[in-house]
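Hello,

Here is the structure we talked about. Please open it first, then read the notes below.

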Amino acid sequence: MRIFWVALRKELIEQWRSYRLVVVGAVLLVFGFASPLLAKYGPEVIRLALPEGEEILKLIPSPTAADAVAQYLKNISQFGILLAVLMTMGSVAQEKDKGTAALMLVKPMPRGVFLAAKMVALGLTFAIGIFLAGAACYYYTMLIFEALSLPAWLALNGLLLLFILVYVALTLLCSTVSRSQVVSGALAFGFLVVLSVLGAVPRLGETMPGRLTTWAGGLIAGNGSSAWPALAVSVGLIFGALLVAWLILERQEL
Amino acid sequence: MVAIRIEGLHKRFGEVQALDGLGLAVEPGSVFGFLGPNGAGKTTTIRILAGLARADTGQAWIDGLEVAADRRRIAGRIGYLPQDPAFYPWMTAREFVDHVGRVFGLPAQERLARTDELLHLVGLAEVADRRVGGFSGGMGQRLGIAQALVNRPPVLLLDEPVSGLDPAGRKELLQLIERLRGECTVFMSTHILADVERVCDTVAIIDRGRLLAEAPQQELLGRYAVPAFEVEVENGLAEHLAAWAETIRSHSWVALVSLDRATARVVVNDVEIARRELLASAVAAGLVLDRYELVRPSLEDVFLRLVEGGGLV
């Protein structure tokens, strides 16, 4: 356990000094407070920007807090996945390519700990990012529309974090397989496409990680159904990806 | 018990046979020079010993522990410097050595003291708080040595440790390695023969993944070094020298004649006959000599003879 804290300490300092934490936090924060603003003023922008804006505006229902939540879910999930791939694709591949992995892994640093520390550090980075985004969105939604149910909001953000962590774990696996961060990024986008396609398949799609965001949206509206199979599959994908990454790294020559 | 033992190591990369049944033993406390031309298998051997690569067949032991089976226990007993050490560029030198100390589980007080001691030892004390990303190759090499010594390893694996160092840095590092003699076993790969001659007490020469020779340095020189004379003339007489060199090649007591501008190196089979005949032959040929001497056999002679001749143990 001691060695895990040593590895995690290094990873957390790296998240900070390499500006990954700042980038993730800043991007998600921007979309956090922009989501309710876009929901509120989006129709207004249409009215001002288009010649027939007034007519179009009559067809659009008045924005509500639900629109702010929908914007938030859409923005954070899309940019969250993008950030997950970009921030993770070099984490192992780059260390192998440059030689730092070899230098550290000849020491009493188990390869599984090396990977686990990276996953936890990235998880904390995204947790902080989602916390900032969630807090900003909650506050602005309260100012512009109405206060949201706090427990439901926390649960929504928890599901959103889990959804993003699936892609962090899968990208970490890709980064372990490859020695190039470009290749690992390409493989991760391959996973993204596969999961998106599977998510569109009737019945099967109900168990895919993408279903978590639908569930999260329903939590606030109070009209959605739960998606426990999707949650189980997501957790399974995270641990499965880490397990496979560990088994591969154990056998790799560095 | 030997510090390092290798038996029948084979390793193939595609079509290339990097190691071809390599075997050797390294005595504890020695400074062991692991010599070979580029591509001989030196780095592959060290990577297998460090647990970073696996042999196709064969075994290796460090401190009595089998490398493939006891990777984690061995990790605490070795220090490893790769050929081109890489570090986290966002860390300072002090932070990196401290991080390595944490990995080895050194208590805080000891870690801080050891970090200072090592940075001072390798001459990085003044830049200890500068980020490693801005270090030159030589500074990186010094930091590589420091991190390899953090755990006071019984076995130190150094892959081309002086490459990238300036002459002063090279001298300092070789002095440091000399000081480690007796304290730990140093297994050092290099192709700089002068460095091996200076610090290594035992030498192994490999080529194409096979051991050509392994012995204490003096024994190796005695066994394989060939007697040679050097004849030097004025620069303007180089052509005469070359003509004379051609005439002596046919003598049975001459093994090899090589020319380097105004100097001829004559390797002989029989020193006594050469003492009588060589100088007389040069004078008879009308050469005006600047220098004529029986040169001390060098490791380079042994190395070239073994590697170019494909000699075996």
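Start with the open sheet of four strands in chain B: its order is S12-S13-S11-S14, and the pairing is antiparallel. Strands (E, at least two residues) and helices (H or I, at least four) are DSSP runs, numbered from the N terminus. Two strands pair if DSSP finds at least two bridges between them. The edge strands, S12 (254-260) and S14 (289-295) of chain B, each pair on one side only. From one strand to the next, the twist averages 15°.

This is a predicted model: local features need pLDDT of at least 70, side-chain atom pairs count only at pLDDT 80 or more, and totals for chains, interfaces and linings use all residues. Residues are numbered from 1 along each chain as its sequence is written, while chains are lettered from A and ligands numbered from 1 in the order in which they are written.

Back to the sheet. S12(B) and strand S13 (residues 263-268) of chain B run antiparallel, joined by six bridges. B:Leu259 has B:Ala264 in S13(B) as its bridge partner. Helix H9 (residues 238-248) of chain B packs on the sheet and touches S11 (228-233), S12 and S13 of chain B. The direction of H9 makes about 165° with that of S12(B). Such angles run from 0 to 180 degrees between N-to-C directions, with axes as lines fitted to C-alpha atoms, for helices over the stretch in contact. Contact means C-beta atoms, placed from the backbone, within 7 Å.

Now the whole chain. Chain B has 11 helices and 14 strands. Its C-alpha trace spans about 75 × 45 × 35 Å along its principal axes.

Best wishes

How values were computed: Two residues are in contact if their C-beta atoms, placed from the backbone, lie within 7 Å.
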